[in-house]
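Colleague: I am new to reading protein models, and I would like to go through one with you. Could you show me the structure, so that I can ask about it piece by piece?

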Amino acid sequence: MDYYGTRLATCSSDRSVKIFDVRNGGQILIADLRGHEGPVWQVAWAHPMYGNILASCSYDRKVIIWREENGTWEKSHEHAGHDSSVNSVCWAPHDYGLILACGSSDGAISLLTYTGEGQWEVKKINNAHTIGCNAVSWAPAVVPGSLIDQPSGQKPNYIKRFASGGCDNLIKLWKEEEDGQWKEEQKLEAHSDWVRDVAWAPSIGLPTSTIASCSQDGRVFIWTCDDASGNTWSPKLLHKFNDVVWHVSWSITANILAVSGGDNKVHTHSPHHSHLPR
Amino acid sequence: MEELDGEPAVTVIPGVNSKKNQMCFDWGPGEMLVCETSFSKKEKSEMVPSCPFIYIIRKDVDVYSQILRKLFNESHGIFLGLQRIDEELTGKSRKSQLVRVSKNYRSVIRACMEEMHQVAIAAKDPASGRQFSSQVSILSAMELIWNLCEILFIEVAPAGHLLLHLLDWVRLHVCEVDSLSADVLGSENPSNHDSFWNLPGNTQTLTELELKWQHWHEECERYLQDSTFATNPHLESLLKIMLGDEAALLEQKELLSNWYHFLVTRLLYSNPTVKPIDLHYYAQSSLDLFLGGESSPEPLDNILLAAFEFDIHQVIKECSIALSNWWFVAHLTDLLDHCKLLQSHNLYFGSNMREFLLLEYASGLFAHPSLWQLGVDYFDYCPKLGRVSLELHIERIPLNTEQKALKVLRICEQRQMTEQVRSICKILAMKAVRNNRLGSALSWSIRAKDAAFATLVSDRFLRDYCERGCFSDLDLIDNLGPAMMLSDRLTFLGKYREFHRMYGEKRFADAASLLLSLMTSGIAPRSFWMTLLTDALPLLEQKQVIFSAEQTYELMQCLEDLTSRRPVRGESDIQQLQDEDIETTKVEMLRLALARNLARAIIREGSLEGS
């Protein structure tokens with residue numbers, strides 16, 4: 001769903017990406033975007049300050065960025081830098097600019113940064129996960145040090161981070177170094193089968209960071225890091241399901257985690273208030 | 001590893017066959033969308049094109065009810081008033097204020113109930129009539145619970161007064177729901193006990209009351225023992241009732257609508273000076289006796305019992321489970337917190353019960369297109385997580401009208417939420433550019449202090465000028481003031497416009513200096529220099545000499561600079577050749593005009609004044 005909850009983008013194995021207007025409980029098809037040659041795995045909306053932009057990734061190894069101009073949706077850019085299916089796309093926090101992370105079955109993660117005038121710069125992390133990468137999720141933007149009003153034109157120095165989950169059963173945390181290169185910062189091990197999805201929780205101003213992960217092994221873990229202590233992440237098992245868990249996602253204030261799994265149900269969980277009714 | 005999750009509640013979505021098909025979902029700002037997919041592990045998925053339904057799952061649907069909206073609006077006012085009660089106030093005056101607040105809340109619930117009741121009666125179809133009626137019952141239950149909490153926790157009625165309050169409580173709720181005028185047990189006694197208690201302005205002490213009552217009770221017992229009324233079984237059973245005989249009371253069960261009516265009546269006759277701490281014993285046994293093992297307690301019963309046991313946390317917990325939205329628990333808990341009754345119950349985040357409930361309630365309000373404004377105030381009074389929750393929610397409000405955008409911005413600016421202000425202004429600036437409203441885009445990017453965007457918009461303005469020969473949004477550009485400094489391009493735009501103004505006012509010398517300085521200072525983008533030089537032409541052609549010799553030299557320098565940097569063109573097509581032709585002609589004209597001006601300037605400056 002887009003930022004305001006007014007539009008919904010869906011993707012399908014029929015290779016199409018559809019956009020619906022869902023205001024006031026309605027469902028009106030606005031656009032049917034064709035361009036992929038294989039099943040489309042995921043779509044992601046960019047922040048509205050960049051306009052109406054949607055990214056989609058597919059089995060056809062491509063990532064397509066669609067843009068709405070004058071009421072019509074068109075293909076704005078195509079990225080074909082992967083050798084196999086691209087499984088996941090995720091836009092970075094808007095504070096960093098317009099940056100898209102893509103995870104692929106070829107094991108690589110590519111980062112597309114919009115540099116203006118229709119140009120996109122590509123950085124690739126090869127062999128991020130052996131066998132393949134299934135999910136990418138950005139950490140919320142946190143400004144280091146004091147937040148003095150920066151003189152216009154200068155961007156504050158954000159520490160950009162994201163998490164990825166792969167077929168090597170691992171979750172990896174990546175950090176951008178000062179030279180612009182991405183380095184593997186942490187490896188989180190707890191799953192015994194392919195990690196299907198990772199979701200970094202939105203920041204609510206507390207010093208802890210939280211990541212949810214789910215896997216083919218049926219487990220959902222919640223990882224927390226107390227930033228004061230540095231880089232120790234500790235997992236807590238949320239639940240073990242009897243089947244593969246495909247998707248985890250946080251509500252916008254991070255108070256509810258939704259999980260969908262092979263049991264064909266969607267579970268919601270309030271990890272912080274397990275003793276209060278939900 | 002130990003699991004965190006307990007037994008989850010199940011929400012069934014009508015129309016979705018969860019045995020067959022996988023569901024997918026996504027979060028919206030306030031709700032979740034769920035959709036059935038064709039993916040199924042057991043069967044081979046049919047490649048049938050279908051447009052399955054998308055289900056919207058919302059927690060707080062009550063936000064959309066017209067009548068409840070009044071409840072939300074008015075309680076919001078009461079909430080604010082409560083937060084502003086002077087913390088210094090203590091003792092009796094504080095208590096009376098808090099009681100007043102509680103009564104205000106209750107009157108709002110009653111008003112809402114009344115209105116909904118009217119609607120229920122007037123409803124055209126029985127289904128919606130039933131729905132409204134059930135809402136009325138829920139509101140009535142809420143008021144019942146709140147009232148009891150007021151008596152026990154806020155008023156903190158001591159023994160003696162306690163029963164009086166409970167009597168009022170029962171009378172209020174039982175008699176109105178039943179509207180039975182023949183409530184023998186209720187109405188028979190007012191005369192008896194009114195005079196007995198001597199209300200109001202009761203000056204008897206508790207002991208005096210107890211003694212009086214004991215005396216009366218013994219007298220009744222004696223009548224029973226003496227079988228004074230043996231001939232009249234009705235009078236005898238009445239006597240038994242007045243002695244608080246439970247069995248006798250229960251015989252009149254049809255007249256007692258529920259167990260708490262039974263409880264209060266029983267207390268009236270067996271222990272009117274009951275102490276608050278003893279209440280729970282009577283409550284539990286009354287419930288058990290009344291239900292008589294035939295039925296089990298309902299959620300409402302459990303809530304009331306918890307209240308009689310003075311277990312505030314249990315009351316809140318049960319209410320949270322039983323009710324469909326957070327309104328009730330949020331406001332009641334907040335009030336009880338002001339009465340300093342809640343223990344600092346630290347939850348995982350370090351926030352407390354009151355804050356948690358208020359946050360949930362306020363988040364629900366944000367789902368509504370206009371009630372979100374109420375939510376803002378609630379977040380303001382959540383000291384730990386209110387601000388960040390507000391930041392997260394306020395950015396997601398769709399800014400469909402300028403008015404709404406301005407409202408949201410004002411709220412952010414008042415709270416120094418600079419990030420949100422910037423983000424929202426950027427979004428609006430973007431939208432304006434896409435709709436070709438450059439003036440609007442410019443003012444939004446100035447408000448956002450976004451230099452890059454201001455540059456972009458200024459470029460568009462300049463391009464427009466080149467194409468059309470005039471500026472749009474002159475007012476805005478003329479009144480930029482210090483905002484002009486935001487970006488170089490913007491400064492140029494402002495100054496360029498100033499140049500035009502000066503020319504229009506025939507302040508040629510000033511205009512000339514300005515024009516020149518735009519180029520020499522580097523503020524003007526190189527791509528625009530040709531236009532600027534062309535603008536200089538009319539000044540060069542004037543009868544009087546405007547540009548001084550030195551200025552002319554500088555202009556010539558600029559022209560040479562510009563022409564020398566022209567890239568060498570290879571094979572060019574007709575259009576390019578034509579353009580080049582025009583360019584060359586222009587340059588020639590300029591060179592001529594500059595040369596002529598130089599000559600005149602030198603002469604003028606060389607001559608003596610007045611000669």
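Modeller: Happy to! One definition before we start: two strands count as paired if DSSP finds at least two bridges between them. Please also keep in mind that this is a predicted model.

Colleague: Thanks, that helps. In S14(A), which residue is the bridge partner of A:Gly165?

Modeller: Let us look at the two strands that are involved. Strand S13 of chain A covers residues 161-166, and strand S14 of chain A covers residues 170-176. They run antiparallel and are joined by five bridges. In S14(A), A:Gly165 has as its bridge partner A:Ile171.

Colleague: Which strands stand at the edges of the sheet, each with a single partner strand?

Modeller: Four strands of chain A make up an open, antiparallel sheet in the order S12-S13-S14-S15. A strand with a single partner has one side left without a neighbour in the sheet, so the edges here are S12 (133-138) and S15 (182-189) of chain A.

Colleague: And by how many degrees are neighbouring strands of this sheet turned against each other on average?

Modeller: For this value, the direction of the strands is ignored. Neighbouring strands are then turned against each other, on average, by 25°.

Colleague: Is A:Trp174 buried or exposed?

Modeller: A:Trp174 belongs to strand S14 of chain A. Residues in contact with A:Trp174, leaving out those up to four places away in sequence, include A:Ile109, A:Phe162 and A:Trp182. The relative accessible area of A:Trp174 is 4%, and the cut-off is under 20%, so A:Trp174 is buried.

Colleague: Which side chain does a polar contact of 2.9 Å join to that of A:Trp174?

Modeller: Among the residues that A:Trp174 touches are A:Ser164 and A:Lys160. The polar contact of 2.9 Å joins the side chain of A:Trp174 to that of A:Ser164.

Colleague: How far apart in space are A:Trp174 and A:Lys187?

Modeller: Along the sequence, 13 residues separate A:Trp174 from A:Lys187. In space, going from C-alpha to C-alpha, the two are apart by 9.2 Å.

Colleague: Let us move to another sheet. In S22(A), which residue stands opposite A:Ala258?

Modeller: Strands S20, S21 and S22 of chain A form an open antiparallel sheet in that order. Its edge strands are S20 (245-250) and S22 (266-269), each pairing on one side only. S21, residues 257-261, pairs with S22(A) over four bridges. Opposite A:Ala258 stands A:Thr268.

Colleague: Which residues make up the covered face of S22(A)?

Modeller: S22(A) has two faces, and A:Val266 and A:Thr268 are on the uncovered one. A:Val259 stands opposite one residue of the strand, A:His267. The covered face is made up of A:His267 and A:His269.

Colleague: Why is strand S2 of chain A largely enclosed by the rest of the structure?

Modeller: S2(A) pairs antiparallel with S1 (residues 7-11) over five bridges, and with S3 (residues 28-34) over six bridges. Strand S2 itself spans residues 16-21, and it is largely enclosed because the number of its six residues that are buried is five.

Colleague: In the hairpin of S2(A) and S3(A), which residue in the turn has a positive phi?

Modeller: This hairpin has six residues between its strands. The residue in the turn with a positive phi, of about 50°, is A:Asn24.

Colleague: What is the area buried between domain 1 and domain 2 of chain A?

Modeller: The domain assignment gives domain 1 as 1-126 and domain 2 as 134-277. Their centres, taken over C-alpha atoms, are separated by 21 Å. The contact involves 16 residues from domain 1 and 20 residues from domain 2. Carbon and sulfur atoms give 70% of the buried area, which is about 1,500 Å².

Colleague: Finally, chain B. With which side chain does that of B:Arg106 make a polar contact?

Modeller: B:Arg106 lies in helix H2 (residues 91-122) of chain B. At 10% relative accessibility, B:Arg106 counts as buried. Among the residues it touches are B:Trp146 and B:Leu172. Its side-chain polar contact, at 2.9 Å, is with B:Glu150.

How values were computed
Residues numbered from 1 in each chain as written. Chains lettered and ligands numbered in written order. Predicted model: local features only at pLDDT ≥ 70, side-chain atom pairs only at ≥ 80, totals over all residues. Heavy atoms only, no water. Axes fitted to C-alpha atoms, helices over the stretch in contact; angles between N-to-C directions. Buried < 20%, exposed > 50% of the residue type's maximum accessible area, 1.4 Å probe, protein only. Polar contact = N/O pair within 3.5 Å; in protein donor to acceptor, adjacent residues only side chain to side chain. Contact = heavy atoms within 4.5 Å. Domains from an automatic or database assignment. Buried area = accessible area lost by both parts, 1.4 Å probe.
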